[in-house]
Amino acid sequence: TNEWQRFTTTQTANGTNEFPRIRYNGVGSLYAYGAQFEQQSYATSYIPTSVGRVTRLGETANNAGGAGVFNSEEGVLYAEIAALADDLTFREIALSDGTSNNTVELRFTNNSNDIQAIVRAIDGAYSVAFGSNAYTITSFNKIAFSYKANDFNFWINGVKVATGTSGNTPIGISELAFDDGNGNNPFFGKTKNVKAFKRALTDAELYLLTVTQYQ
């Protein structure tokens with residue numbers, strides 16, 4: 001086409017020297033740019049280099065709010081995310097008090113294609129825990145978790161996956177982090193959108209927020 005396109009291929013090396021090959025059988029010109037070898041089993045975004053290998057630095061969320069920005073009593077944690085691989089590791093995004101005792105979390109778990117929404121209140125124990133393995137975590141999913149005392153709703157791609165009418169909310173939420181709130185289980189993945197709402201949204205609002213046709 002007349003637009004730039006990205007192509008990826010996975011090959012097994014059969015010698016000591018390997019070279020990328022591009023073959024074009026069409027009429028006209030072919031422009032190729034940004035060839036990149038990856039050591040992992042998945043492709044990442046382009047890193048300009050001149051010589052040698054480069055290791056990508058993890059992106060971090062700094063100054064992501066404060067106690068006055070978040071609402072511990074009610075709200076919604078929303079993310080449009082994908083895992084880099086379904087490799088049975090925890091990858092988490094959390095609203096927290098800087099520890100893993102009081103959190104609202106969205107996470108991929110150590111089970112295949114498992115997406116969870118959990119609340120930990122006061123002592124780090126689960127107050128609420130929802131999960132679904134009906135979605136492919138390496139594809140982008142729109143995930144929303146609405147929390148309010150005794151009123152919890154978990155939505156993925158326009159579908160209410162779970163609801164709960166019993167449970168406490170955390171205390172003292174003061175930050176958003178790409179981990180479990182305590183620096184563990186960092187989120188290694190792709191992120192299109194992350195939002196924290198200060199009020200619990202209605203089902204109609206959660207549907208519009210997560211329905212895939214609005215991508």
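The residues lining the second largest pocket divide into 16 nonpolar, 12 polar and 7 charged. Here Ala, Val, Leu, Ile, Met, Phe, Trp, Tyr, Cys and Pro count as nonpolar, Asp, Glu, Lys and Arg as charged, and the others, Gly among them, as polar. This is a predicted model, in which local features need pLDDT of at least 70 and side-chain atom pairs count only at pLDDT 80 or more, while totals for chains, interfaces and linings use all residues. Residues are numbered from 1 along each chain as its sequence is written, and side-chain values use heavy atoms, with hydrogens and water left out.

## Two pockets

The search ran on a 1 Å grid over the protein atoms alone; a pocket is an open set of points where a 1.4 Å probe fits, with protein on both sides within 12 Å along at least five of seven lines, and lining residues have an atom within 4 Å of a point. Grid points are joined across faces, edges and corners, and a volume is the space filled by probe spheres set on the points.

| Largest pocket | about 1,700 Å³ | Phe-7, Thr-8, Thr-9, Ala-35 and Gln-36 |

The largest pocket is lined by 34 residues, which fall into 16 nonpolar, 13 polar and 5 charged. Strands (E, at least two residues) and helices (H or I, at least four) are DSSP runs, numbered from the N terminus.

## The fold as a whole

There are 10 strands and 1 helix in the protein, and from the N terminus on the order is β-β-β-β-β-β-β-β-β-β-α. Along the principal axes, the C-alpha atoms fill a box of roughly 65 × 35 × 30 Å. Of the 215 residues, 35% count as buried, meaning under 20% relative accessible area with a 1.4 Å probe and protein chains only. Contacts are heavy atoms within 4.5 Å; among those between residues at least 6 apart in sequence, 60% join residues at least 24 apart.

Strand E3 (residues 103-108) is mostly covered, with 6 of its 6 residues buried. Thr-103, Glu-105 and Arg-107 point one way, Val-104, Leu-106 and Phe-108 the other. Strands pair if DSSP finds at least two bridges between them. E3 runs antiparallel to strand E2 (residues 91-96), joined by 6 bridges, and Arg-91 has Phe-108 as its bridge partner in E3. The hairpin of E2 and E3 has 6 residues between the strands, and Gly-98 there takes a positive phi near 95°.

E3 also pairs with strand E4 (residues 115-120) in the antiparallel sense, over 6 bridges, and Glu-105 stands opposite Ile-118 in E4. In the hairpin of E3 and E4, with 6 residues between the strands, Asn-113 takes a positive phi near 55°.

## Ser-132

Asn-113 returns among the contacts of Ser-132: leaving aside neighbours within four places in sequence, Ser-132 touches Asn-113, Asp-114, Ile-115, Ile-156 and Val-161. Ser-132 sits in strand E5 (residues 126-132) and counts as buried because its relative accessibility is 11%. A polar atom of the Ser-132 side chain lies 3.3 Å from the backbone nitrogen of Ala-134.

Definitions and conventions
Buried < 20%, exposed > 50% of the residue type's maximum accessible area, 1.4 Å probe, protein only. Polar contact = N/O pair within 3.5 Å; in protein donor to acceptor, adjacent residues only side chain to side chain.
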